[in-house]
Amino acid sequence: MLSALAIGRSRIEGLLEGEDVLATAAALRAMGAVIAREPGGAWVVDGVGVGGLLQPAQALDMGNSGTSTRLLMGLVASNAITATFIGDASLSRRPMARVIEPLAMMGADIGASPGGTLPLMVRGIVPAVPIAYRLPVASAQVKSAVLLAGLNTPGITRVIEPVATRDHSERMLKGFGAAISVEEAPEGRVIAITGEADLAPQQIVVPGDPSSAAFFAVAAAIVPGAEVTIGNVGMNPTRAGLITALRLMGADITEAQPRIVGGEPVCDLIVRHAPLTGIEVPPELAPSMIDEYPALFVAAAFAQGTTRALGAHELRVKESDRIAAMAQALGAIGARVTELPDGLVIEGSGGEPLAGGATIATRLDHRIAMSLAVAALHCRAPVTLDDAAPVATSFPDFFAMLDALTGSGC
């Protein structure tokens with residue numbers, strides 16, 4: 001997205017070519033950016049400049065990507081164009097009101113389907129109105145949408161976070177040359193961006209996704225005798241909550257060769273099997289591991305004792321209701337699970353394999369599918385996924401990598 005708003009050519013290496021990212025590229029092409037994949041796997045983007053987005057000729061199909069939708073809504077909001085956003089059945093159920101509210105305050109005219117869902121239309125405005133917006137819930141997506149709208153808004157747009165969320169957008173905006181500041185204040189973390197910016201093209205190396213790495217980290221932690229090295233994992237402190245939680249449970253995790261890649265802290269994670277113990281998951285970890293909770297629930301199912309993972313209300317409005325979906329799925333393979341409004345209480349197996357032998361409803365959710373594939377590695381009977389296709393949205397090579405590690409031919 002930022003490459004599409006820069007003036008000149010950016011080059012991106014290590015891009016995750018999942019369906020979410022490809023849908024984002026298609027949407028940006030529809031609004032004027034020139035985006036191409038080089039034979040060696042790098043991507044080049046010729047940007048249109050801040051404020052230079054063109055009117056798309058047709059609706060922008062965002063597939064399953066809530067992140068892409070919400071952030072692109074921010075981009076469109078402060079441009080003199082109108083864009084209609086559509087998505088698949090899962091995305092079309094996800095709430096967009098939390099993004100609509102601040103963007104409407106900035107002057108954008110947004111018409112959504114009943115319940116604030118897709119399909120929706122964003123009519124951008126120039127000039128948009130700079131605002132100071134306090135996040136009512138911890139959401140990096142809402143924060144980023146407002147900051148991206150602020151790029152083409154005269155004056156200073158501010159976002160106040162009572163609870164810090166992942167900060168990839170702030171880091172990348174700074175890297176592209178935006179005038180952005182981050183300060184700690186009594187009311188929380190204040191991120192301020194000065195609008196009408198000129199972004200400079202960049203050479204970018206994308207670190208490995210910690211959400212994708214989470215599944216292999218948990219797999220190594222629960223399978224007796226396992227050891228896995230996961231290379232080039234982004235270890236941004238705002239994303240490392242799962243690693244912290246696994247260590248609290250007794251996981252054997254080593255961070256090798258720490259370094260900085262693309263402005264982000266990176267290392268190679270070495271994870272070895274070790275007995276896990278149930279814990280009370282600190283609720284303050286939730287923003288830094290919200291997408292990794294399904295994997296954590298799997299680890300808890302094989303721990304000794306009880307794990308209480310609460311304070312994760314946000315899981316109810318992800319690609320699926322991940323609290324309900326994981327409670328049902330883990331229960332189906334023999335785990336003892338209690339569902340609460342904001343999380344799960346899981347009585348672990350003490351390291352013993354679970355029964356397995358069930359067909360799991362993945363609910364069009366990639367993380368449910370991958371989490372249960374990991375759980376199946378330590379079950380007595382095979383586990384069947386009713387639909388593994390959603391995994392392609394974020395991790396198209398997941399099953400091939402799992403096969404290579406286990407020889408299971410899943």
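Pro127 lies in the loop between strand 7 and strand 8 (132-134), where strands (E, at least two residues) and helices (H or I, at least four residues) are DSSP runs numbered from the N terminus. The peptide bond joining Val126 and Pro127 is cis, with omega about -5°. A further cis peptide bond runs from Leu118 to Pro119, with omega near -5°; Pro119 belongs to strand 7 (residues 117-123). The structure is a predicted model, in which local features need pLDDT of at least 70 and side-chain atom pairs count only at pLDDT 80 or more, while totals for chains, interfaces and linings use all residues. Residues are numbered from 1 along each chain as its sequence is written, and side-chain values use heavy atoms, with hydrogens and water left out.

Glu196, although not a glycine, has a phi of about 55° and is placed in the loop between strand 11 (188-194) and strand 12. At 54% relative accessibility, Glu196 is exposed (buried means under 20% relative accessible area, exposed over 50%, and partly exposed in between, with a 1.4 Å probe and protein chains only). Arg363, likewise not a glycine, has a positive phi of about 60°. The loop between strand 20 (359-360) and helix 11 holds Arg363, which is partly exposed at a relative accessible area of 31%.

Helix 11 (residues 366-375) includes Arg367. With a relative accessibility of 8%, Arg367 counts as buried. Apart from neighbours within four places in sequence, Arg367 is in contact (heavy atoms within 4.5 Å) with Ser211, Phe215, Asp291, Pro294 and Arg322.

Helix 11 packs with helix 12 (residues 398-406) at an angle of about 10°, their axes being 12 Å apart. Axes are lines fitted to C-alpha atoms, for helices over the stretch in contact, and angles run from 0 to 180 degrees between N-to-C directions. Helix 11 is therefore roughly parallel to helix 12 (angles under 35 degrees count as roughly parallel, over 145 as roughly antiparallel, 65 to 115 as roughly perpendicular and the rest as oblique). Met370, Ala373 and Val374 of helix 11 meet Phe398, Phe399 and Leu402 of helix 12. This contact comprises six nonpolar, no polar and no charged residues; Ala, Val, Leu, Ile, Met, Phe, Trp, Tyr, Cys and Pro count as nonpolar, Asp, Glu, Lys and Arg as charged, and the others, Gly among them, as polar.

Helix 9 (residues 293-301) and helix 10 (residues 322-332) have axes 11 Å apart and pack at an angle of about 30°, and are therefore roughly parallel to each other. Pro294, Phe297, Val298 and Ala301 of helix 9 make the contact with Arg322, Met326 and Leu330 of helix 10. Six nonpolar, no polar and one charged residues form this contact of helix 9 with helix 10.

Trp43 in strand 3 is the bridge partner of Ile12.

Terms used:
Pairing = 2+ DSSP bridges.
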